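Here is a short report on one chain and its ligand.

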Amino acid sequence: MRIERGTHHAATIARHMARSRQISHARGASFLPSYGAQGAPELQIEPIDPTAGGNILRPTTLAQMVGQEKLKPLLRRIIDVARETESPMDHMLMVGASGTGKTTTAQIVAHELHRRVYQVKAPVSLETFEKLREIMRDGEILIIDEIHQQVSGDRRGATQACDPETFFHVMEDRQLATATGMLPFPAITIIGATTDAGLLPEPFLNRFPIQPRLERYSTKDMAQIVKANAEALGLTLDDGVAPMLGAASRGTPRIANNYVRNVKVLTPGTFVRVDVAREVIEVLNSTTLDGLTLDMQRMLTFLLSSRRENRAGDVVYQASVNTIATALGKSRDTKAIALYVEPWLIEQGWVQVTHGGRQLTEQGITRARALS
Ligand SMILES: Nc1ncnc2c1ncn2[C@@H]1O[C@H](COP(=O)(O)OP(=O)(O)OP(=O)(O)O)[C@@H](O)[C@H]1O
Ligand SMILES: [Mg+2]
């Protein structure tokens, strides 16, 4: 935690920090404008600026970003227009599975815009907006992670969510509705990030003129990410290591990062052999070479054991989500199944959702048999 350019008395700063625990500020090395002594108070809590070295595997420019080949040139143009016209960029909603680069892309956009960036996690309270109103300036960026939690009711331990109308006024009218009336709000750009845009109601969604979806990365992209990570960590990879770690990463850069970090720990020196990569995947993470976690393997083999006849008299391999959760030792925690276990199996075309629960497809039966 670091406080910069301290024109404020320590007690004032401490008060800011206590009131705004939710707010973190991406402190930029060179790209942030500096504020003079009369400027806004700076909240420097848990800085997230990747250029500051906290996460050396996170790309900080569009050029370093692997994959998303359709999205990158469009972002480049949008960023260039906003810079040339010095106008705030349109609000943007980043949608994508966990670890596919929503926060990274949002930070890259802010970085390339050369604008100051703040980051909060939804739900956002009126108090947070009041604070942001004081410290933010026109054209700056506010990243709101897990933005679906503003409306989903999933507000564990969080502050009081302000109502969607307050949000809409900030986004569209640049006004903050407070107890004492409407106050002007800076013309900022909100970049929302969510794993589940389906939880946001239409009026919320259509306030974001830009809504890119981050796709899973191809195995080629994943191998490239592994190589870039290895380089960043000073490792040299034997032939076959990057494709192997890439294939086991389920199209998800964060998983590749974790594997490369594991490999570094287990490698004496800097040359990574294929058998170390295999050990990291299979032994250290109990994952198959094609990326199935233990829970995913269990779900497939459990479904294979749940052979029954459906109403039409066909043999199906099917179970209810509750039963699957219990079988996986998740005490009927169906949310864990929905979030972490089944999406990849469904994406691969191995499992399908039916009114009887979850069912193996033909390819799913083949994959499950190969596991047992
Ligand atoms: N396009 C990319 N190229 C290279 N590395 C990437 C890319 N996208 C993400 N990464 C890496 O993956 C990590 C995880 O990405 P990030 O934190 O942005 O995911 P996220 O979508 O915000 O996940 P969550 O939903 O869990 O918050 C980053 O730290 C970065 O190292
Ligand atoms: Mg994120």
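In this predicted model, ligand 1 lies between domain 1 (10–205) and domain 2 (219–284), because both give residues to the shell around it. That shell holds 22 residues. The closest are Gly 101, Lys 102, Thr 103, Thr 104 and Pro 253. Two helices, helix 3 (102–113) and helix 10 (253–266), each supply at least two residues of the shell. By class, the shell around ligand 1 divides as follows.

| Class of shell residue | Number of residues |
|---|---|
| Polar | 12 residues |
| Nonpolar | 7 residues |

Now the chain as a whole. It has 372 residues, of which 39% count as buried. The chain contains 15 helices and 13 strands. Among contacts with a separation of 6 or more, 67% join residues 24 or more positions apart.

Where does helix 14 kink? The kink, about 50°, lies at Val 341, shortly before the proline Pro 343.

Val 341 is also buried, as are Ile 337, Glu 342 and Leu 345 of helix 14. Residues three or four places apart in an α-helix point the same way, because there are 3.6 residues a turn. The buried residues of helix 14 pack against helix 12 (294–305) and helix 13 (321–327), and also against strand 12 (351–354) and strand 13 (357–360). Gly 349 follows helix 14, with a positive phi near 80°.

Terms used. Residues numbered from 1 in each chain as written. Chains lettered and ligands numbered in written order. Predicted model: local features only at pLDDT ≥ 70, side-chain atom pairs only at ≥ 80, totals over all residues. Bend = angle between axes of the 7 residues up to and from the residue. Helix = DSSP H or I, 4+ residues; strand = E, 2+ residues; numbered from the N terminus. Buried ≥ 20, exposed ≤ 12 C-beta atoms within 10 Å, placed from the backbone. Contact = placed C-beta atoms within 7 Å. Near = placed C-beta within 6 Å. Nonpolar A, V, L, I, M, F, W, Y, C, P; charged D, E, K, R; others polar. Domains from an automatic or database assignment.
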